[in-house]
Amino acid sequence: MSRFFQQAQDDSSVHPGDFDVVLHSRVGLSRNLSAYLFAPRIDPEQKQILLSALRKKLVACGLTFYRILELSDARRALLIDRDFLPRAFAVDESSSLALSEDEPLWVLCLERDHVLVQAQKDGLALREAWNCVRETEERLGSDCVWAFDADFGFLTSDIQKIGTGLSASVSVHLPALELGGFIEKACKQALDAGFTIGGMYGSGGVSGGALYEIALPQGFMDAETVALDRLERATKLLVGYERSARNELLESGSWELFDFIGRAVGRALHAHSVSWDECAEIVSGIRLGLSIKVLAGMDDSRASALFYKVRNVPLSKDQNQRTPEHVTRAALLRNSVRGLHFSERYKDV
């Protein structure tokens, strides 16, 4: 378990070349055992029998099985902040899951389906994530009889996932498209191509930190590899648009670009009260500055980790000395960006 959590919060690993725009890729497969009712309708007695059977199968696949209450509050919070677990699932005392010791791969038990196998990889790595999920599903399936229909495919509790049970998404950082005013046009192209796209981590449905998620739509009819190839091509288009916008802003000496990055650095180093929405904007500016070499003194993967690190900051347990969250967040941000500065080339811009 320790390696799973270490990788989930690691900020020093080597990332792929597209990590400047793509944070991570995620793939999931939903499956149900044919001998049991779907999760929403199963009775408590049958649920315990099914969980016992799943536990044996998951452990046999090399995963570690946990009741949700066996995880510490800190580890549950980490899984929620990284969107590995839905919040409702994480606070349900009857929830169970399995974690890989070797990589970010996890299995939710009896959330909506009997199992949801998920894997996440840094950068644009849908095929790598798919291979992890498929291999785990095949190992489970060698000792299971999945609910399957010759005409409809794999059966799930969500009618729109019947067929493959596949879900997949890619998280992208698009600050230059926002600065240049092209984000709506870029997102519309993704929507017109049949994908869903939305903001991540923002309040009121608005994207926070220029983070967006492009995902397979509900009810798609393509085979798994075909669907993943289509999603990868759509993501590469967004990556190309974002990089072109960055280059154009940088080459033109755009004051909006340098103001955005400069304000982010100033607030990160000196602010003493920061809301989550403001912090997401700050981290976005820092990550952009590092990716285009305007900033130095910090690894861009550490900046990316800040999106999660400052999302829900831990509060003091001392009721008499409790510091407000926005103050604690600012202190955490200041401590995380020490040494951050403009690079030699741009220090006088």
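Modeller: Start with burial: a residue is buried under 20% relative accessible area, exposed over 50% and partly exposed in between, using a 1.4 Å probe on protein chains only. This is a predicted model, so local features need pLDDT of at least 70 and side-chain atom pairs count only at pLDDT 80 or more, while totals for chains, interfaces and linings use all residues. Residues are numbered from 1 along each chain as its sequence is written, and side-chain values use heavy atoms, with hydrogens and water left out.

Colleague: Is helix α11 mostly covered or mostly open?

Modeller: First, the labels: helices (H or I, at least four residues) and strands (E, at least two) are DSSP runs, numbered from the N terminus. Helix α11 spans residues 300-309 and is mostly covered, with 7 of its 10 residues buried. The buried ones are S301, A303, S304, A305, L306, F307 and Y308.

Colleague: What covers the buried residues of α11?

Modeller: Read cover through contact, meaning heavy atoms within 4.5 Å. The cover includes strands β1 (22-31), β8 (166-173) and β10 (211-215). It also includes helices α3 (73-81), α10 (276-291) and α12 (325-336).

Colleague: Which residues of the largest nonpolar core touch the most other members?

Modeller: In soluble globular proteins, nonpolar side chains tend to be buried together. Here a nonpolar core is a set of buried Ala, Val, Leu, Ile, Met, Phe, Trp, Tyr and Cys residues joined through side-chain atoms within 4.5 Å. The largest one has 91 residues, and V27, L58, L166, I214 and I286 touch the most other members. Apart from that core lies another, of 15 residues, with L71, L79, L97 and L99 among them.

Colleague: What does L166 touch?

Modeller: Leave out residues up to four places away in sequence. L166 then touches V27, G28, L29, W130, L216, F220, E224, A227 and L228.

Colleague: Which residues of β3 are buried, and on which side?

Modeller: Both faces are covered: S96 and A98 are buried on one side, L97 and L99 on the other.

Colleague: Which strands pair with β3, and in what sense?

Modeller: Two strands pair if DSSP finds at least two bridges between them. Strand β2 (residues 64-67) pairs with β3 in the antiparallel sense over 4 bridges. There, T64 has L99 as its bridge partner in β3. β3 and β4 also run antiparallel, joined by 4 bridges. S96 has C109 as its bridge partner in β4. A hairpin is formed by β3 and β4, with 5 residues between them.

Colleague: How many salt bridges does the structure hold?

Modeller: Side chains of opposite charge can pair when their charged atoms come close. The test is a side-chain nitrogen of Lys or Arg within 4 Å of a carboxyl oxygen of Asp or Glu. The structure holds 17 salt bridges. Take E103 and K121: their side chains meet in one, at 3.1 Å, N to O. That pair links distant parts of the chain, 18 residues apart. E103 sits in the loop between β3 (96-99) and β4 (105-109), and K121 in strand β5 (residues 115-122). E103 is partly exposed at 24%, and K121 counts as partly exposed at 23%.

Colleague: How far apart in helix α8 are K236 and E232?

Modeller: They are 4 residues apart in α8 (residues 224-251), so about one helical turn separates them. K236 forms a salt bridge with E232, with the closest N and O atoms 3.2 Å apart. K236 counts as partly exposed at 48% relative accessibility.

Colleague: How many aromatic pairs does a search of the whole structure find?

Modeller: Rings of Phe, Tyr and Trp (its six-membered ring) pair if their centres lie within 6.5 Å; planes under 30 degrees apart are stacked, over 60 edge-to-face, the rest tilted. The search finds 3 aromatic pairs. F148 and F154 form an edge-to-face pair, 5.0 Å centre to centre with 70° between the planes. F148 is exposed at 51%, whereas F154 counts as buried at 19%. F258 and Y346 form a tilted pair, 5.8 Å centre to centre with 35° between the planes. They are 88 residues apart, with F258 in helix α9 (residues 255-270) and Y346 in the segment after β12 (341-342). F258 is buried at 13%, and Y346 counts as buried at 10%.

Colleague: Which residue lies over the face of F154?

Modeller: A charge sits over a ring if NZ of Lys or CZ of Arg is within 6 Å of the ring centre and within 35 degrees of the ring normal. R31 lies over the face of F154, at 3.6 Å from the ring centre. R287 lies over the face of F19, at 5.0 Å from the ring centre.
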